Amino acid sequence: MDMQHFNQMLLASIGVGLAVVDVISHEILFTNPLFATWFPVPENGPRKISCVLGITDLNDLVERDGCFQSDVQVKIKRRTLTIAVNITQSKNTSDGHSVLLVECSNISKIKELEYMIESYAKLVEKNERQLRREKERAEKMLLNVMPKAIYEELKSYGVTTPVLYNEVSVLMLDFVGFTEMTVSSDPTALVSELNDIFTAFDRIVEQFGCERIKTMGDAYMAVSGLPDPTTNHAQNIARAAILFRRYIRQRNKFSKVSWNCRIGVATGTVIGSMIGVQKYVYDIFGPGVNLAARLEALSEPMEITVCETTAGLIADDFNVEMVQDTDVKGFGTQKIFKLARDVDKPISHDLPGYLAALSV
Amino acid sequence: MTTLFEKYGGFAVISRIVHSYYDKVLDSDQIGDYFESLDMKPLIEHQTKFIASLMGGPASFSNDMLKRVHAGLNISRADFDAVADLLQEALFEHNVEQEDVNSILREIESRSPVIISS
């Protein structure tokens, strides 16, 4: 096979449409078969490359890296193809003439794939957004049943270990005569009020850096000093207790139902742990919890009863009054105290502004 | 259980099947004219997702959507069958097993009431 024949075969078989164009007249001098399929050159009509390509002028083509480029749409039977046209000037023909070399490639498939990739990228993005939203929602739900630090531990390790906290302060609250209220009042309205009250308590608890552990029926339990230890856990919980009582008092002025709470506060040792596998919840146990529960039961309506340890810790900041030596089940005889009035002693320390409300 | 979508290599392969399928569709004298001078890009994209969904891949199309997009096209039973045949050819060309081809075609057949409108 001679070289010329080989070249001809090559030109006929490659997947690129080729045309050679006179640099001055822009007349087409040569086309390979593929080029002719996409851009038929009329026998007797104009043979200018711009007419054949269906562009008004070669000047319309975009110049990039010394060659002209454009995407041209052609319709072959029912198909609309996108052809990338690339025109370069070739200087080295044998007779010294310059010609323009027109290379055309069918990029329809690439365009279709580009479109598809874009569409999938959007789909993925959308799914990811949805997932993120779901995750945030799940996280928020979980943070309702466990402290953030415990949630982080669970997330990182898949398990949590029970932790012993030597000194935390626990608050227990419940309502006097709630069981009777449930039968005498409209249950929907009652639950809705209880929901309001506990929501307000949650806000107060958060304000003082305490943790709401759980509610059980009309009972509410909060703690200060875990999972992150703090030195003024007793003060924090006492402030929360005082605000709980104030909130109930204020509410009773306007509410049809009169609520009377009992509050017990104790400082002691507790264990904090996740309980359950499928339905899990963070809970605390131990003497601190039990004593708070006992004191709450011993409390008079609308009183805050505190144990001796708590009383000792808060005596400088709050007005604590000793009630009497009392036999507390499981704890023997204990000195018990009550937080006499909301706050009697002026709070001299640099307390945050929100505590100003207490200094009335 | 692996889905057909996973078995045959996911979107990459399905995209190739869909390309062959549309090549056949455009060459077909029975139904090619439906596709004349349409922008094929969105069609190919939708069809890839549709076939993927039939094969248990990620994407879903409700019958309502299918009904809406085919409404007013006056697609006959013969047109529907012609398209199904071409899809079958394309699936075979990409080495999808007979049993799996049948299951895909059954899925499509079950949607024929919302696609055929004349």
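1. Of the 360 residues in chain A, 39% are buried, where buried stands for under 20% relative accessible area, exposed for over 50% and partly exposed for values in between, with a 1.4 Å probe and protein chains only. This is a predicted model, in which local features need pLDDT of at least 70, side-chain atom pairs count only at pLDDT 80 or more, and totals for chains, interfaces and linings use all residues. Residues are numbered from 1 along each chain as its sequence is written, and chains are lettered from A in the order in which they are written.

2. Chain A contains ten helices and 14 strands, taken as DSSP runs numbered from the N terminus, with helices being H or I of at least four residues and strands E of at least two. Among the contacts in chain A with a separation of 6 or more, 57% are between residues 24 or more positions apart, a contact being heavy atoms within 4.5 Å.

3. Most residues other than glycine have a negative phi, and most peptide bonds are trans. A cis peptide bond, with omega about -5°, links A:Leu226 to A:Pro227, and A:Pro227 lies in the loop between β9 (219-224) and α8 (233-254) of chain A.

4. A:Met302, although not a glycine, has a positive phi of about 60°; A:Met302 sits in the loop between α9 (287-298) and β12 (304-307) of chain A and is buried, at a relative accessible area of 12%.

5. B:Asn95, also not a glycine, has a positive phi of about 60°; B:Asn95 belongs to the loop between α5 (77-93) and α6 (98-109) of chain B and counts as exposed, at 63% relative accessibility.

Technical notes: Side-chain values use heavy atoms; hydrogens and water are left out.
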